[in-house]
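Subject: Structure handover

Hello,

I am passing on the structure you will be working with. My notes follow below it.

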Amino acid sequence: METTATAHTYPFLADGGEMGMLTRQYDWSKTSLGTPDHWSQSLRATLSIILNARFPMFLWWGPELIQFYNDAYRPSLGNTGKHPTALGQRGEDCWPEIWPIVYPLIRQVLDGGEATWSEDQFIPIYRNGQLEDACWTFSHSPIKDETGEVAGVLVTCFETTQKVQSFNRLQASEQRFQQLVQKASVGIAVLSGPDLNVEIANEAYAQLVGRRPDSLQGNRFFDVVPEAQTDLSLFIEHVKQTGDSLYRYDHPYVAVVEGTKKEGYANLTVQPYKEPDGTISGIILLCQDVTAQVLSRQDLEASEAKFRTLIEQAPVATCLFVGPEMRIDLANESMITFFGQGPSIVGKPIREVLKRPVDTPAIQLLDNVFTTGKSFDATEAPADLVINGIPGTYYFDISLKPLRNAAGEVYAVLEMAVEVTQEVLARKQRLESEAYFRRLTDAVPAIMWETQPDGYCTYLNKQWHETTGQTTDEARGVGWLDATHPDDRAETSRVFREANQKRVPFQALYRLRQRDGQYRWAIDLGSPRFEADGTYAGMIGTVVDVHDQRIARQELAESEARLRTLSTELDLQVQQRTQQLQASIQDLQRSNENLGQFAYVASHDLQEPLRKIQQFGDLLKEQYAETLGEGVDYLDRMQAAAYRMSVLIRDLLAYSRISTRQESNQAIDLNKVVEWALSDLELRIAETGAEIEVESLPLVLGDASQLGQLFLNLLSNALKFRRPDTVPRIQVRFQTIVARALPAGITPARAAAAYYQIEVIDNGIGFEGKYIDRIFQVFQRLQGKGQYEGTGIGLAICEKVAANHGGAITATSRPGQGATFSVYLPA
């Protein structure tokens with residue numbers, strides 16, 4: 001049962017603060033000590049001293065080492081953990097985590113009666129909910145009872161954890177400082193006293209002067225490094241007298257290493273070492289060997305001189321732009337000629353040389369290479385220049401390379417340019433010629449074909465597709481064999497493969513399937529073709545319809561002589577026909593070989609530079625809009641021009657594909673075609689509020705993609721060329737008319753008994769009727785580019801699609817009264 005004692009009951013427990021109160025209230029009857037009234041006088045006296053002391057004290061008493069402590073000791077137990085349970089508890093039960101450490105000390109006092117002393121002893125303690133590392137300075141003193149025997153152990157202590165931690169940090173800091181000094185890449189030497197004794201010399205300094213650090217330490221500086229006296233004595237004297245630090249960069253020095261003279265360059269700092277009262281008691285030398293850098297710079301200067309000579313004598317136009325302002329530091333004669341302003345351009349910033357708005361993209365390109373550090377290369381880049389007094393558009397292969405200094409920073413841009421104007425103009429002329437010869441090939445009444453060295457068919461002209469009904473994809477490769485009669489297919493294939501392998505002329509007579517499914521006899525004549533270097537390039541040939549001759553020969557089989565005559569005449573006729581076509585075929589061969597290159601150039605080689613221009617333009621606008629200022633307007637113009645060029649290339653590609661390919665001939669629902677075109681124009685329709693009425697349209701034979709382009713261009717034009725402040729109204733009508741009722745001047749590409757007439761009617765700005773023949777030509781525009789966007793190719797595509805489908809297209813209009821476009825397709 002717990003009892004509560006008072007100060008009156010036990011005077012020796014009077015006062016003692018909080019721990020005195022807790023000691024009085026503790027139920028000591030449950031301990032081996034019993035109630036306080038049975039305690040010995042020595043215990044009572046000791047507790048009176050402990051509880052009223054201001055110094056941390058702790059007492060173990062009796063065989064079980066029952067515990068007492070005062071208010072000054074209580075904080076050592078932490079906020080949570082051992083307090084207040086430690087009061088009256090057995091020592092071994094209270095301190096399991098450190099008992100193996102402290103018990104031997106207690107035992108020593110109990111056995112010998114001599115006090116112990118421990119300073120900054122590491123003893124962990126469980127407190128504040130965890131086991132903490134702590135350091136203590138403490139003493140264990142014996143407390144004797146009335147018989148003179150040691151009955152208890154008094155602990156006086158204070159915690160020194162923070163002091164020990166601070167000392168350890170200071171010691172670690174000093175060690176780090178010493179290591180930093182010794183391992184520093186900069187040579188450091190501290191000279192003290194009037195004799196300039198070497199107090200500190202790190203490894204870098206010792207290496208610089210060719211000595212060991214231990215040979216320098218403690219000696220007079222000029223005794224151990226006499227060769228330095230000539231230079232350094234004057235510097236040191238100056239610093240001592242003025243108290244100011246002295247700096248020398250790229251300063252030449254001499255060191256004697258093992259009797260050998262070593263010369264080099266160093267960045268040198270001589271500064272005073274001052275005491276707290278300002279007295280100069282020593283000198284600090286900081287030295288950094290820069291020999292390699294100085295020699296490198298000297299080599300660089302020599303290299304730059306050589307570089308300038310190379311630029312001036314370079315066979316290609318070369319120019320060096322230096323600094324952010326792109327100052328023309330060097331330009332050879334060829335480059336000066338291209339600028340067209342004479343040698344005075346050297347030394348001027350590029351913006352003072354190129355002042356025209358058309359020059360802005362070139363300046364921005366140079367700035368971008370300088371800013372990003374990325375090279376730029378372009379082929380056939382156009383530039384409007386005046387060269388040798390002749391203004392015009394010139395083309396160049398250019399290369400812009402950033403030049404970096406030793407720190408890796410871009411300090412200049414090197415431009416090299418090769419004029420390729422003649423080559424570009426020649427290629428453009430060749431492309432125009434190829435387009436002309438392709439049209440010529442399609443106009444030839446005979447079938448013409450071409451294969452690669454492996455026998456893969458790469459080209460069949462329009463006559464093949466119109467005769468057999470095969471599409472380009474169906475006929476490509478060896479698909480053309482599917483149009484031969486099943487009984488003739490194997491032999492025809494064998495003869496062709498043998499001729500291709502032997503690279504000899506090819507001739508085969510077989511029955512060719514017609515569009516209506518019937519077969520007619522045809523003779524196929526081919527010849528091997530070779531490149532200029534003699535490399536075999538494949539076969540080229542013609543297919544001539546000889547059905548009538550073949551039937552005639554069969555009907556006249558009874559007359560052998562007549563048959564021979566007919567055969568001879570037929571062979572002669574075919575040979576003459578072939579010879580007549582051979583010349584044009586060989587010329588067209590070059591065009592056919594480059595048709596694939598045209599599509600690649602249009603879709604990739606030409607588009608890629610434009611994409612880079614747009615991408616770099618976007619980056620400039622996003623990242624440097626504020627820096628560019630008014631230049632953002634030029635950037636927007638550049639982006640708009642690049643976009644127009646991209647659209648033009650895409651339209652040219654579309655026109656080329658439509659002009660050179662015969663697509664699949666399938667039943668196409670024109671309602672779905674128009675629906676697709678309207679969905680593609682959905683945003684523009686919503687913006688203009690256009691009202692569109694479409695009648696039910698028929699099925700036609702043709703290619704859905706081409707027909708989609710036709711209606712997309714017609715509907716797009718109707719929306720584009722609308723009258724201001726007028727809601728666009730567009731009607732799509734349909735009717736069937738017989739061939740004899742076709743309007744005058746309408747000549748469809750293929751004869752048919754009847755035609756579908758599809759009309760697209762708008763209420764737009766219209767045009768004068770005298771331009772009817774002009775609007776369907778490539779690049780023909782009736783309005784300026786500033787009024788209406790476009791490339792002038794759309795209606796040319798419409799005319800080509802209508803022709804590819806055996807039809808025709810025309811238009812009627814009057815200015816301000818809209819336009820009607822009429823498409824005629826075979827029914």
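For the lining classes used below, Ala, Val, Leu, Ile, Met, Phe, Trp, Tyr, Cys and Pro count as nonpolar, Asp, Glu, Lys and Arg as charged, and the others, Gly among them, as polar. By these classes, seven nonpolar, six polar and four charged residues line the second largest pocket.

Please note that this is a predicted model.

Overall picture. The protein has 827 residues, and 43% of them count as buried. Its secondary structure comprises 25 helices and 29 strands. Among contacts with a separation of 6 or more, 54% are between residues 24 or more positions apart.

Two or more lining residues come from each of helix 13 (360-372), helix 20 (607-628) and helix 21 (631-660). Helix 13 gives the most, with six residues.

Cavities. The count is three cavities of 30 Å³ or more. The largest cavity contains about 210 Å³ of space. It is lined by 14 residues, and Tyr73, Ile98, Val102, Ile123 and Val155 are the closest to its centre. Strand 1 (57-61), strand 6 (135-144) and strand 7 (150-159) each give two or more residues to this lining, and strand 6 gives the most, with three. By class, the lining of the largest cavity has 13 nonpolar residues, one polar residue and no charged ones.

The second largest cavity has a volume of about 90 Å³. Its lining includes Trp449, Trp464, Trp480, Phe496, Phe506 and Asp524. Strand 18 (447-451), strand 19 (457-460) and strand 20 each contribute two or more residues to it. The lining of the second largest cavity divides into nine nonpolar, one polar and one charged residue.

Regards

Note on methods:
Residues numbered from 1 in each chain as written. Predicted model: local features only at pLDDT ≥ 70, side-chain atom pairs only at ≥ 80, totals over all residues. Heavy atoms only, no water. Helix = DSSP H or I, 4+ residues; strand = E, 2+ residues; numbered from the N terminus. Buried < 20%, exposed > 50% of the residue type's maximum accessible area, 1.4 Å probe, protein only. Contact = heavy atoms within 4.5 Å. 1 Å grid on protein atoms, 1.4 Å probe; cavity = no way out; pocket = protein on both sides within 12 Å on 5 of 7 lines; lining within 4 Å. Points joined across faces, edges and corners; volume = space filled by probe spheres on them.
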